[in-house]
Amino acid sequence: MKTVYLDCSFGIAGDMALAALLDLGADRDAITAQLKELPIDAFEWRTRNVMKCGMRGLHLDVILPGDAPSARAPHSEHGHEHAAHLPHSHASHDDEAVHADADGGGDDGTHDHVHDHVHDHAHQHMHDHVHDHGQDHTHQHGHVHGQDHAHGHDHAHQHAHRSAKTILAMIEAGPLPPRVQERSRRIFQAIAAAEAKIHHMPVDEVHFHEVGAMDSIIDIIGFCLALESLQVDRILAGPLALGHGYVHMAHGLYPVPAPATSEIATGLLLSSFQANGELTTPTGAGIVKALAVQSEGLPPDVIRKIGYGAGTKDFEHPNIMRAFLLER
């Protein structure tokens with residue numbers, strides 16, 4: 001039985017988690033082909049190695065029509081940008097919450113692997129925040145979750161908002177493998193439930209500002225496809241580091257962890273590690289809440305390989321999330 005252990009010591013974001021699994025060897029070509037069979041916008045992505053505090057990590061960039069590949073806005077300390085949908089540069093916490101650091105997230109002499117997709121999401125962990133339809137959807141979150149998702153989300157919503165109901169229907173009706181459908185559905189439901197509670201509305205009426213955006217759909221479904229590619233049966237995760245501070249969102253100044261992240265993290269084991277910035281995004285918390293069993297440390301299994309997913313932001317700690325591929 002294969003197991004993946006998600007090391008959330010420095011937080012977790014969707015793009016960072018996906019990048020870590022790609023670094024473990026998940027078949028990016030197969031994942032790309034399966035994603036492109038879904039009724040979603042055209043996209044490209046690329047991965048590149050970046051250095052974070054002397055540590056190498058794989059950064060994921062997703063490029064959507066209209067996104068400027070080189071545009072990466074600084075995300076606040078967090079690295080995740082709740083509100084400013086910038087192009088995600090999935091670089092996982094150094095880049096994942098903000099995948100794309102304002103400074104480029106560490107190109108320092110790293111290889112630039114170009115793959116089908118290039119999300120220049122500069123994801124600073126584009127927090128999957130849900131917008132209340134009828135409210136200002138412009139999110140000027142400037143959040144930078146400690147993950148380098150430098151999403152400068154200055155996508156400014158170039159991508160249409162999608163409702164939870166629409167996304168779930170797409171997953172269920174699509175050509176995805178059964179286990180990928182189930183895992184993807186559970187993550188979106190966890191996030192939608194948190195957003196519904198925060199915005200005081202039925203889950204079916206929740207419209208995602210970021211989770212419904214292309215980059216979040218790719219992060220979540222891509223992550224589940226990567227699990228399937230690696231034939232992972234069990235997902236474990238360590239204590240969750242959330243970070244602290246404040247972020248600007250569409251509705252004003254909010255504390256870190258963001259409301260959606262806090263709701264999703266209810267019942268989860270938290271880490272004592274603290275850093276100024278958003279270390280975990282709603283998508284990252286949703287992955288752990290929906291799919292993982294938490295433990296204080298690695299189980300007594302054999303480590304086969306370790307994948308490193310990098311974010312865009314630079315902190316005093318490596319903006320990297322590790323994924324351990326284990327076997328009994």
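Analyst: Below, each label is set against its cut-off.

Analyst: This is a predicted model, so local features need pLDDT of at least 70 and side-chain atom pairs count only at pLDDT 80 or more, while totals for chains, interfaces and linings use all residues. Residues are numbered from 1 along each chain as its sequence is written, and side-chain values use heavy atoms, with hydrogens and water left out.

User: How many helices and strands are in the protein chain, and what makes a stretch count as one?

Analyst: The protein chain has seven helices and 14 strands.

User: Why are α3 and α4 called roughly antiparallel?

Analyst: Helix α3 (residues 164-173) and helix α4 (residues 178-199) pack at about 175 degrees, with axes 9 Å apart. Axes are lines fitted to C-alpha atoms, for helices over the stretch in contact, and angles run from 0 to 180 degrees between N-to-C directions. Under 35 degrees counts as roughly parallel, over 145 as roughly antiparallel, 65 to 115 as roughly perpendicular and the rest as oblique. So α3 and α4 are roughly antiparallel.

User: Which residues make that contact?

Analyst: On α3 they are Ala164, Ile167, Leu168, Ile171 and Glu172, and on α4 Gln181, Ser184, Arg185, Phe188, Gln189 and Ala192. Contact here means heavy atoms within 4.5 Å. By class, there are six nonpolar, three polar and two charged residues. Ala, Val, Leu, Ile, Met, Phe, Trp, Tyr, Cys and Pro count as nonpolar, Asp, Glu, Lys and Arg as charged, and the others, Gly among them, as polar.

User: What makes His317 buried or exposed?

Analyst: Buried means under 20% relative accessible area, exposed over 50%, and partly exposed in between, using a 1.4 Å probe and protein chains only. His317 has 7%, so it is buried. It sits in the loop between β13 (302-310) and β14 (320-327). Leaving out residues up to four places away in sequence, His317 touches Phe10, Cys53, Phe273, Ala275 and Leu279.

User: And His200 and Gln231, buried or exposed?

Analyst: His200 comes in at 75%, so it is exposed, and Gln231 is exposed too, at 53%. His200 is in the loop between α4 and β7 (207-208), and Gln231 is in the one between α5 (214-229) and β8 (234-237). Each has a positive phi without being a glycine: near 55 degrees for His200 and about 60 degrees for Gln231.

User: How do you know whether α1 and β2 are enclosed?

Analyst: Count the buried residues. In helix α1 (residues 14-24) eleven of the eleven are buried, so α1 is largely enclosed by the rest of the structure. Strand β2 (residues 44-52) has seven of its nine residues buried, so β2 is largely enclosed as well.

User: What makes β2 and β3 a pair?

Analyst: Two strands pair if DSSP finds at least two bridges between them. Nine bridges join β2 to strand β3 (residues 55-63), and the two run antiparallel. Met51 stands opposite Arg56 of β3. In their hairpin, with two residues between the strands, Cys53 takes a positive phi near 55 degrees.

User: Why are β10 and β11 at the edges of their sheet?

Analyst: The open sheet has three strands in the order β10-β9-β11, paired antiparallel. β10 (252-256) and β11 (277-278) each have a single partner strand, so one side of each is left without a neighbour in the sheet. Strand β9 (residues 243-249) pairs with β10 over five bridges, with Val247 partnered by Tyr254 of β10.

Note on methods. Helix = DSSP H or I, 4+ residues; strand = E, 2+ residues; numbered from the N terminus.
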